[in-house]
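User: I am new to this structure. Please take me through it in short questions and answers.

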Amino acid sequence: TYCIRQIKTINQQNDNDNQISGYDAILYILSDSIVEWIGLLCIGFLYMMLLKSPAGGNDFTTKWYSLSISCIPIIIRFYFKKKAIGCVDDVVMDEEEATTRDFPVVLVYHM
């Protein structure tokens, strides 16, 4: 939502030639929330592992568990790459909400 407010601020301050279009706004929003999207993918893989796991015990050699484990370095990389919330670096909102991104909870639950 912070990214959406940044885009709206830019569009209100600029004329029609310098505004961010709808397609570009969607791309900005998706790129700002890539950590959360990959976290949802990781959760989906863990869910599939639990659905397909053998009844006798835990089997951590399934493809679903391997796929969820492969999401962890990607999540960590994107988290440390951009810890600040916001998709447009030129616009600084004067709200206290514009701080840093929270640590991805999916990593804690995965451990």
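User: Which residues of α4 are buried?
Analyst: This is a predicted model, where local features need pLDDT of at least 70, side-chain atom pairs count only at pLDDT 80 or more, and totals for chains, interfaces and linings use all residues. Residues are numbered from 1 along each chain as its sequence is written, and side-chain values use heavy atoms, with hydrogens and water left out. Buried means under 20% relative accessible area, exposed over 50%, and partly exposed in between (1.4 Å probe, protein chains only). By that rule, the buried residues of α4 are Tyr65, Ser68, Cys71, Ile72, Ile75 and Tyr79.

User: Why are the buried residues of α4 said to be on the same side?
Analyst: The buried set is Tyr65, Ser68, Cys71, Ile72, Ile75 and Tyr79. The arc is taken from the directions from the helix axis to the C-beta atoms. These residues lie on the same side of α4 because they cover an arc of only 125 degrees.

User: Which exposed residues does the face of α4 turned away from its buried side carry?
Analyst: Helices are DSSP runs (H or I, at least four residues), numbered from the N terminus. On the face of α4 turned away from the buried side, the exposed residues are Lys63, Pro73 and Lys81.

User: Is Tyr79 buried or exposed?
Analyst: Tyr79 lies in helix α4, which covers residues 63–81. Its relative accessible area is 7%, so Tyr79 is buried.

User: How many aromatic pairs are there?
Analyst: Rings of Phe, Tyr and Trp (its six-membered ring) pair if their centres lie within 6.5 Å; planes under 30 degrees apart count as stacked, over 60 as edge-to-face and the rest as tilted. By this rule, the number of aromatic pairs is 3.

User: What kind of pair do Tyr79 and Phe80 form?
Analyst: Their ring centres are 5.0 Å apart, with 70 degrees between the planes. Phe80 is exposed, at a relative accessible area of 53%. The pair of Tyr79 and Phe80 is edge-to-face.

User: How many residues apart in sequence are the parts tied together by Tyr79 and Phe103?
Analyst: The ring centres of Tyr79 and Phe103 are 5.4 Å apart and the planes are at 85 degrees, so this pair is edge-to-face. Tyr79 is in α4, while Phe103 is in the loop between α4 and α5 (105–110). Phe103 is partly exposed, with a relative accessible area of 42%. In sequence, the parts tied together are 24 residues apart.

User: Which residues of α3 are buried, and how wide is the arc they fall within?
Analyst: Helix α3 covers residues 34–52. Its buried residues are Val35, Ile38, Gly39, Cys42, Phe45, Leu46 and Met49. They line one face of the helix, because down the axis of α3 they fall within an arc of 120 degrees.

User: Which residues are exposed on the other side of α3?
Analyst: One face of α3 is lined by buried residues. On the other side, the exposed residues are Leu40, Tyr47, Leu51 and Lys52.

Conventions:
Helix = DSSP H or I, 4+ residues; strand = E, 2+ residues; numbered from the N terminus. Expected span 1.5 Å × (residues − 1).
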